[in-house]
Amino acid sequence: MSFLRGWMCVVEPACPHLQQCTQLVNAIQGGIGDSELQTFLRHLGELPREMNVSLGRRDYREHFTIAYRQLLGRVPYHTQVLKVALEGRTEQMVNGDVHRFPAEVLEAGRALLEAWSGLLAELDNHRKLGSRSLWTKHETQGLTKAYVAFDRAYVTFEMHLVRFLEHLETRGREVLREIAKFDREFTRSGAERSREGLLAALYRLNSVANVHGQGRDSFPVGVWQACEEVLQEPEHALRPVAVRAMSCLNSLLGFVRKESGTNFVWVHASLARCPELTEALEVWESAWRMAAHVLLDRAVRDAFSTYVREMARTVEAHADFREELEESGVDALLHLPRALLGLGEAMRPLVLLVAGSVAEEVLESVRGQVDPVRWGAPVGGSLEGASMKLQRADPKSWNEMVQVVIGCVLHSSDPVPLEVGPARTASGPSRLSMSFPTPDAEVAVPY
């Protein structure tokens with residue numbers, strides 16, 4: 001048998017990884033899902049031991065960020081890396097910006113695709129030769145050569161691709177670092193310039209990552225200050241609006257502070273794919289928009305306050321009205337527009353806010369109304385007609401106003417939110433998962 005070793009390669013019958021690769025090659029060539037490809041690559045990574053060839057070194061991974069080191073782990077070939085080359089991608093969208101792969105990534109991708117095709121062809125040839133325990137060197141040298149070429153091509157491509165993606169991630173997280181910087185400055189000095197910088201960065205982040213809300217990139221100046229003014233008055237009727245706005249702001253900044261402890265390495269480079277961030281932005285934008293809607297204009301704020309106080313008195317006097325409000329009962333919801341119009345000219349700012357083009361018509365029809373409308377009391381035809389017009393002029397605006405009123409009446413005792421700039425929370429990896437970005441995942445608005 002010894003003379004045979006000069007021209008034959010011994011492959012023991014217990015070589016499951018090579019056998020699995022040859023059995024799967026047909027399916028791979030026909031196109032399969034990620035899990036099947038992952039299985040194939042796992043067997044492929046075990047071939048060096050069965051074929052007595054050297055695997056290319058992966059020590060370059062030590063210079064990757066911790067997120068990519070954990071993502072790649074110890075597997076020789078990562079499915080998502082290979083798919084970038086197999087799908088012929090030439091660009092990547094991150095936070096609304098399209099970034100074309102540099103020349104070295106494109107060239108390495110083409111080389112990997114060519115090496116992959118050569119490897120599959122050699123494996124298919126072995127499949128056609130059938131299962132056996134002995135192969136001639138001539139029969140195995142083609143496969144060995146193809147495998148080594150593929151391994152080198154993969155290493156080169158992975159190295160260039162990840163370095164490029166890390167560069168994009170650094171740029172994608174710049175807005176988070178900017179928010180953290182202005183947050184620290186404002187916490188330390190309280191300077192108005194720092195607050196303006198912080199808000200500008202938050203608005204830019206919102207336009208990029210808030211994929212569930214409106215993604216607005218600006219709000220009227222003074223929302224923050226208006227909230228502070230209201231919070232200085234313990235008995236202010238609109239206190240819950242300011243409490244919610246500032247609490248949501250603190251929650252959003254809390255996320256930034258937590259992740260800044262690890263320099264944002266656990267935040268997905270495509271910020272719109274970060275669930276904890278997008279959820280915080282959605283609720284903050286909603287609360288901030290409502291505060292701008294209700295608190296900024298002094299006339300609107302005063303009218304809202306008068307209306308809320310009137311409804312609060314009704315709640316205190318009538319337990320059944322409170323129950324109706326808590327359950328969003330029909331009778332309570334019908335009473336709200338009647339009560340508003342019953343307050344007469346003082347409600348002009350609110351009527352103009354929600355009724356638009358028919359506001360003057362609504363106001364004219366109740367001009368003689370001088371007494372508040374009592375809960376459960378009958379109302380005249382003109383008031384009833386005006387209340388219907390008020391609700392139907394802009395149902396969305398009316399419903400939003402009703403939610404504000406109900407919230408303020410039922411939650412007037414909510415505590416003051418923590419001031420912006422509390423002690424930092426303990427840092428550590430968040431629950432977010434890392435993955436290679438895909439071209440069809442980007443849905444954020446560019447900033």
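Biologist: How many aromatic pairs does the structure hold, and what makes two rings a pair?

Modeller: The structure holds 14 aromatic pairs, where rings of Phe, Tyr and Trp (its six-membered ring) pair if their centres lie within 6.5 Å, and planes under 30 degrees apart count as stacked, over 60 as edge-to-face and the rest as tilted. This is a predicted model, in which local features need pLDDT of at least 70 and side-chain atom pairs count only at pLDDT 80 or more, while totals for chains, interfaces and linings use all residues. Residues are numbered from 1 along each chain as its sequence is written, and side-chain values use heavy atoms, leaving out hydrogens and water.

Biologist: Why is the pair of Phe 101 and Phe 164 called edge-to-face?

Modeller: The ring centres of Phe 101 and Phe 164 are 5.5 Å apart, and the angle between the planes is 85 degrees; because this angle is over 60 degrees, the pair is edge-to-face. The pair links distant parts of the chain, with Phe 101 in the loop between strand E3 (97-100) and helix H6 (103-129) and Phe 164 in helix H7 (residues 137-172), 63 residues apart. Helices (H or I, at least four residues) and strands (E, at least two) are DSSP runs, numbered from the N terminus.

Biologist: What makes the pair of Trp 116 and Phe 150 tilted?

Modeller: The ring centres of Trp 116 and Phe 150 lie 5.6 Å apart and their planes meet at 50 degrees, so the pair is tilted. This pair, too, links distant parts of the chain, since Trp 116 belongs to helix H6 and Phe 150 to helix H7, 34 residues apart.

Biologist: What makes you say that the charged end of Arg 216 sits over the ring of Phe 219?

Modeller: A charge sits over a ring if NZ of Lys or CZ of Arg is within 6 Å of the ring centre and within 35 degrees of the ring normal. The charged end of Arg 216 is 4.2 Å from the centre of the Phe 219 ring, and the charged end of Lys 181 sits over the ring of Phe 182 at 4.5 Å from its centre.

Biologist: Why is the link between Glu 158 and Tyr 60 called a polar contact?

Modeller: A polar contact is a pair of N or O atoms within 3.5 Å; within protein, one must be able to donate a hydrogen and the other to accept it, and residues adjacent in sequence count only if both atoms are side-chain atoms. The side chains of Glu 158 and Tyr 60 are joined at 2.4 Å. Glu 158 lies in helix H7 and is buried, with a relative accessible area of 0%.

Biologist: What makes the phi of Asn 263 worth a remark?

Modeller: Most residues other than glycine have a negative phi. The phi of Asn 263, however, is near 60 degrees, a positive value in a residue other than glycine. Asn 263 lies in the loop between helix H11 (239-260) and helix H12 (275-295), and with a relative accessible area of 41% it is partly exposed.

Conventions: Buried < 20%, exposed > 50% of the residue type's maximum accessible area, 1.4 Å probe, protein only.
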